[in-house]
Amino acid sequence: MEMKGIQQAVAGARMAYRTGRTRPLAFRVKQLKALQKMLTENEDKIFQALKKDLHKSQFDVAIFEVVGLQNEITLALNKLPDWTAPEFVSKNMLTIMDEVYIHREPLGVVLIMGAWNYPLALVIQPLIGAIAAGNAVVIKPSEVSENMAQLLQKLLPQYLDKELYPVVNGAVPETTELLKLQFDHILFTGSSSVGKIVMEAAAKHLTPVTLELGGKSPCYINKNCNLDVACRRIAWARYVNCGQTCIAPDYILFNIWLDPLQMFYGDDPQTSPDYGRIVNRHHLSRLLSLLEGLKVTHGGDYNTQQLYLAPTIVANVDPNAKVMQEEIFGPVLPIVPVAGAEDAINFINNRDKPLALYIFTNDKKLINRMIAETSSGGVTVNDCMIHYSISSLPFGGIGKSGIGAYHGKFTFETFSHRRACVIKSFRMESLNSVRYPPATESKLKWTRWLLMKSHGSSRMKQMMIGLLGVLIAMALKVNNKYLHLYSATHPG
Ligand SMILES: NC(=O)c1ccc[n+]([C@@H]2O[C@H](COP(=O)([O-])OP(=O)(O)OC[C@H]3O[C@@H](n4cnc5c(N)ncnc54)[C@H](O)[C@@H]3O)[C@@H](O)[C@H]2O)c1
Ligand SMILES: CC(C)=CCC/C(C)=C/CC/C(C)=C/C=O
């Protein structure tokens, strides 16, 4: 896309946003339903694009890319009236007769930048919440999964409002241009290094960011567990999408491994319809360089032409090895021996806070201890990646693995401004008069008391407090009258 085209797309989205047409719920519902239609009517085109980009199977496209989106749209459609309703909150005594509530308003024009590994899900999932919250959205798919990027650019304008939701395609020059422009929020999914570039560009406009980054997600296996089941669940999570999953277990803290891979992909994974491919040559050679000098325990064979790298395991890995210094993002699983839980906790805490942490054990006390003594974006115990699929949980990182979170209502919140609203009436002026000059000891006491008291927001409580408010106001009226009388008869 030409630079002028990018500027026009963003300016067009802002002009369209200013018309106010995203505000009514009916409009948002219409767009969400259109998005739903886009997913169902184009199943095959979506599958073909993902097959070309990442050799994804039909099963994986359905389970990992599409089902989650359909669920998120249904949730947003069902909950939108609740999410957008004013949230009445507790108040202090000074405002007991007033309406006090939080109003969720759209942020404006937001930018969503996706990654290439789940190129449909990682663009559409945030888009659902951004539309639900009433924003205009500029969509930047990853150029690395080029077939999906092109498909999104073709399909989205056919279903959604063309001006409000433009798709900008391109690589680094186009993204650099895009990031010079002003947005009201940026949600970026990708690497920490590009995350820093995005944050720096956003800072120039004081634009808030949500950064969905990556890192090395550890997986600790305690000997008190069903090792057979543990290894199967870990292998599923590590090797799906050829290991290119942000929350895949990056390395194992343990010392043995039972091998379920033959069961998953047969004797020759290269011929298995369920096994994916590396996205491009650059990433294949990056992965091969991580294996240099290591004694591969399982797999390791590759085919550059086919972008194939076998499901690979490397046992007894030195924590200082290259494969332990960066996120692997491929079908390689290092196993680092640890002496026990204490050692594993120290290992985790000595590194950057990960996006996900996995613990396999039957020991409830140990589960609680590991959750209490470590930190990560999310944690799943006795399985991997499942927390991602629960829309009532916030999904995001901490520290180097990200800033902010989304999914379900959290996406709606990410793209909404919580506006503090107080609607006062002109009545009950005696209640307010205690804060007006001239200041007196008595007024100070009253104001302090009125400001301090905080009350719940239930209807019953509000009514009781209202009644109390009238009584206080009456008391203050008498008190004020008395004060005036007193000052008139006692001048000075
Ligand atoms: N937390 C999550 O939800 C999540 C999901 C998927 C991937 N990830 C992480 O993303 C990483 C892999 O994805 P990726 O390779 O697409 O990430 P990336 O950071 O290379 O690219 C992401 C986006 O940034 C843009 N970009 C790349 N270089 C740029 C530059 N110099 N200036 C401006 N923009 C630039 C790309 O066009 C792309 O849209 C991994 O670290 C993975 O863990 C995180
Ligand atoms: C429980 C099942 C079958 C699916 C879990 C869904 C899941 C873990 C999806 C991950 C998709 C994703 C966008 C990862 C980011 O890199």
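These are my notebook entries on a predicted model.

**Entry 1: domains**

I began with the domain assignment.

**Entry 2: ligand 1**

Next I turned to ligand 1. Which residues come closest to ligand 1? I found Gly190, Ser191, Val194, Gly214 and Cys246, out of 27 residues that surround the ligand. Two elements give two or more residues to this shell: α7 (172-180) and α8 (192-204). Helix α7 gives the most, with three residues. I sorted the shell by class and got 13 nonpolar, 10 polar and four charged residues. I also checked the domains. Domain 1 and domain 2 each supply at least three residues to the shell around ligand 1.

**Entry 3: ligand 2**

Ligand 2 has 13 residues around it. The nearest are Tyr118, Cys246, Met385, Tyr388 and Ser389. Here the elements that give two or more residues are α4 and α5. I noted Cys246 among the closest residues of ligand 1, and I noted Cys246 again among the nearest of ligand 2. The classes around ligand 2 are 10 nonpolar, three polar and no charged.

**Entry 4: α4 and α5**

Helix α4 covers residues 58-84 and helix α5 covers residues 121-132. Their axes are 9 Å apart, at an angle of about 5°. Angles under 35 degrees count as roughly parallel, therefore α4 and α5 are roughly parallel to each other. From α4, the contact takes in Phe64, Glu65, Gly68, Leu69, Glu72, Ile73, Ala76 and Leu80. From α5 come Ala121, Ile124, Gln125, Ile128, Gly129 and Ala132. I sorted this contact into nine nonpolar, three polar and two charged residues.

**Entry 5: α3 and α6**

Helix α3 (residues 43-54) packs on helix α6 (residues 146-159) with the axes 7 Å apart. The angle is about 155°. Are α3 and α6 roughly parallel or antiparallel to each other? Over 145 degrees counts as roughly antiparallel, so α3 and α6 are roughly antiparallel. On the α3 side I listed Lys45, Ile46, Ala49, Leu50, Lys52 and Asp53. They meet Glu146, Asn147, Met148 and Leu151 in α6. The contact divides into five nonpolar, one polar and four charged residues.

**Entry 6: the six-stranded sheet**

I traced an open sheet of six strands in the order β12-β13-β9-β8-β14-β15. The pairing is parallel. Strands β12 (312-314) and β15 (378-381) each have a single partner, so one side of each is left without a neighbour in the sheet. Neighbouring strands are turned by 20° against each other on average, direction ignored. I looked inside at β8 (residues 218-221). Three bridges join β8 to β9, and the two run parallel. There, cysteine 219 stands opposite isoleucine 252 in β9.

**Entry 7: the five-stranded sheet**

Another open sheet has five strands, ordered β5-β4-β6-β7-β16, with mixed pairing. Its edge strands are β5 (136-140) and β16 (402-403), each pairing on one side only. Strand β7 (residues 209-212) runs antiparallel to β16, with two bridges between them. Leucine 211 has isoleucine 403 in β16 as its bridge partner.

**Entry 8: strand β3 and its partners**

I followed β3 (residues 99-106) to two partners. Strand β1 (residues 87-88) runs antiparallel to β3 and is joined to it by two bridges. Strand β17 (residues 416-423) also runs antiparallel to β3, with eight bridges. Which residue in β3 is the bridge partner of glutamate 87? I found isoleucine 102. Isoleucine 102 also has alanine 420 in β17 as a bridge partner.

**Entry 9: backbone exceptions**

Most residues other than glycine have a negative phi, and most peptide bonds are trans. I looked for departures. Cysteine 242 has a positive phi, near 55°. Cysteine 242 sits in the loop between α9 (227-239) and β9 (251-253). The peptide bond from proline 437 to proline 438 is cis, with omega near 0°. I placed proline 438 in the loop between α15 (429-432) and α16 (441-452).

Conventions
Residues are numbered from 1 along each chain as its sequence is written. Chains are lettered from A and ligands numbered from 1 in the order in which they are written. This is a predicted model: local features need pLDDT of at least 70, side-chain atom pairs count only at pLDDT 80 or more; totals for chains, interfaces and linings use all residues. Axes are lines fitted to C-alpha atoms, for helices over the stretch in contact, and angles run from 0 to 180 degrees between N-to-C directions. Helices (H or I, at least four residues) and strands (E, at least two) are DSSP runs, numbered from the N terminus. Angles under 35 degrees count as roughly parallel, over 145 as roughly antiparallel, 65 to 115 as roughly perpendicular and the rest as oblique. Two residues are in contact if their C-beta atoms, placed from the backbone, lie within 7 Å. Ala, Val, Leu, Ile, Met, Phe, Trp, Tyr, Cys and Pro count as nonpolar, Asp, Glu, Lys and Arg as charged, and the others, Gly among them, as polar. Two strands pair if DSSP finds at least two bridges between them. A residue is near a molecule or strand if its C-beta atom, placed from the backbone, lies within 6 Å of it. Domain bounds come from an automatic or database domain assignment.
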